[in-house]
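Good morning, and thank you for coming. Please look at the sequence and the structure on the screen while I speak.

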Amino acid sequence: MSYVESEEQQMLRRQVREIGRKYGREYYAKKAAAGESPEELWREVAEHGFIGVNTPEEYGGGGLGISELAIVCEELAAAGCPLLLLLVSPAICATVIARFGTPAQKERWLPGLASGKLTMAFAITEPNAGSNSHRLETAAERDGDEWVLRGNKYYISGADDADAILVVARTGGAQDGRGRLSLFIVDSDAPGLEKTLIKMQIPGADRQFTLFFDDVRLAEDRLLGHEGQGLPQVFVGLNPERILGAALANGAAIHAIEQASAYANERQVWGRPIGTHQGIAHPLAQAKIEVELARLMTLKAAWLFDQGKDAGEAANMAKYAAGEAATHAVDVAIQVHGGNGMSEEYGLVSLWAMARTLRIAPVSREMILNFVGQHVLGLPKSY
């Protein structure tokens with residue numbers, strides 16, 4: 001494993017940084033406040049081939065890895081433009097389809113996902129299941145040569161803008177769904193699918209929805225992979241999601257630290273920059289150390305995944321470390337700005353809300369601690 005980025009990766013980082021800074025935090029904040037998607041930014045990133053950087057070349061992608069997609073995600077967030085959709089459409093959905101899809105499914109979906117012309121949401125969470133995927137109630141039953149999907153999903157990001165939704169559903173077996181989950185690709189305008197907006201106090205460009213599946217009929221080719229193998233297939237996509245979540249948090253932390261450092265150099269009280277004082281300098285230095293440590297674990301997790309190795313431990317640790325580092329970094333940045341940190345002009349409160357969310361999603365810090373305790377330390381299962 002190399003801690004030095006290749007020339008190709010360094011070039012990718014520079015190019016994405018240039019695009020991100022062209023739009024900047026003000027652009028993204030206005031979109032978020034209006035509840036609009038940052039379509040212009042998404043299109044430009046897609047036109048440069050960065051959305052599909054990890055998709056196989058034969059389907060129009062860059063043929064690289066999650067490491068490169070994490071660079072894209074981090075640099076956009078560092079520019080103040082965190083694209084949450086990167087965690088789902090290319091990271092989860094494209095990864096799972098590329099690994100388990102039939103040739104026809106790959107031809108149907110991957111070129112569009114790689115180009116950014118198609119987007120896909122991911123639906124696993126349910127009101128009565130939470131983080132326990134074994135308790136999913138949404139079910140699909142065979143009816144001749146079709147499937148009939150019934151149930152509901154909760155807190156599904158970007159379902160309003162997505163062209164399709166990758167849905168995790170129970171397809172038989174025990175009532176708890178253990179070992180009998182399957183994946184289905186559902187058109188976002190399928191008859192019987194209803195979306196209800198969840199009103200959030202956090203401003204964001206990616207809105208949350210409850211989905212209701214009322215006898216949604218699906219052709220046989222909408223079953224992804226093998227029936228009953230949905231759970232292991234899902235986990236192939238969840239590690240990239242955790243890695244991209246960490247990259248997003250790291251980028252947010254970088255943005256906050258850079259903004260606060262610039263402010264501490266410019267803002268003068270009693271005839272000297274406030275950054276002169278250790279009460280300002282030390283918290284910023286601590287935040288910088290924390291985010292650099294999180295970035296190292298994110299790098300390790302992405303490298304392991306791209307090498308085909310077990311990335312579960314590193315991906316979860318990266319997500320935990322980055323979520324904690326980002327929340328702390330933005331909080332420090334607000335404190336450095338004083339009263340200005342609460343103003344709309346500096347955009348830090350909305351950034352804090354996004355960073356704070358990353359301690360909950362896409363997997364909560366508590367579930368990560370459970371994972372580390374059980375699977376890394378060998379402690380008894382606590383839940």
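I shall go through helices, loops, backbone details, the surface and salt bridges, in that order.

A word on the source comes before the details. This is a predicted model, in which local features need pLDDT of at least 70 and side-chain atom pairs count only at pLDDT 80 or more, while totals for chains, interfaces and linings use all residues. Residues are numbered from 1 along each chain as its sequence is written, and side-chain values use heavy atoms, with hydrogens and water left out.

Let me begin with helix α9, which spans residues 348-357. Helices here are DSSP runs of H or I with at least four residues, strands are runs of E with at least two, and both are numbered from the N terminus. Which residues of α9 are buried? They are L348, S350, L351, A353, M354 and A355. Buried means under 20% relative accessible area, exposed means over 50%, and partly exposed lies in between, with a 1.4 Å probe and protein chains only. The cover over these buried residues includes α1 (7-33), α6 (230-266) and α8 (312-337). As background, an α-helix has 3.6 residues a turn, so residues three or four places apart point the same way.

The peptide bond from A361 to P362 is cis, with omega near 0 degrees.

Next, a pair of helices. Helix α3, residues 66-78, packs against helix α7, residues 278-306, at an angle of about 145 degrees, and their axes are 8 Å apart. The axes are lines fitted to C-alpha atoms, for helices over the stretch in contact, and the angles run from 0 to 180 degrees between N-to-C directions. On the α3 side the contact is made by I66, S67, E68 and E74, and on the α7 side by R295, A302, W303, F305 and D306. Contact here means heavy atoms within 4.5 Å. Sorted by class, the contact of α3 with α7 has four nonpolar, one polar and four charged residues. In this scheme Ala, Val, Leu, Ile, Met, Phe, Trp, Tyr, Cys and Pro count as nonpolar, Asp, Glu, Lys and Arg as charged, and the others, Gly among them, as polar.

I turn now to single residues. S133 sits in the loop between β1 (120-123) and β2 (139-143). Is S133 buried or exposed? S133 is buried, with a relative accessible area of 13%. Leaving aside residues up to four places away in sequence, S133 touches I124, L181 and L231.

Y155, in strand β3 (residues 146-157), has a positive phi of about 55 degrees although it is not a glycine. Y155 is partly exposed, at a relative accessible area of 37%. W270 is likewise a residue other than glycine with a positive phi, near 60 degrees. W270 lies in the loop between β9 (268-269) and β10 (272-273) and is exposed, with a relative accessible area of 79%.

Finally, the salt bridges. How many does the structure hold? The structure holds 26 salt bridges, each being a side-chain nitrogen of Lys or Arg within 4 Å of a carboxyl oxygen of Asp or Glu.

R217 takes part in a salt bridge with D143, where the closest N and O atoms are 2.6 Å apart. This pair links distant parts of the chain, with R217 in strand β7 (residues 208-219) and D143 in strand β2, 74 residues apart. R217 also meets E146 in a salt bridge of 2.8 Å, N to O. R217 is partly exposed at 43%, D143 is partly exposed at 38%, and E146 is partly exposed at 27% relative accessible area.

A further salt bridge joins D187 and R222, at 3.1 Å from N to O. D187 lies in strand β5 (residues 181-187) and R222 in the loop between β7 and β8 (223-224), so the pair ties together parts that are 35 residues apart in sequence. D187 counts as partly exposed at 24% relative accessibility, whereas R222 counts as buried at 16%.

I close with a network of salt bridges that links E5, R13, R17, E74, E75, K288, E292 and R295. Thank you for your attention.
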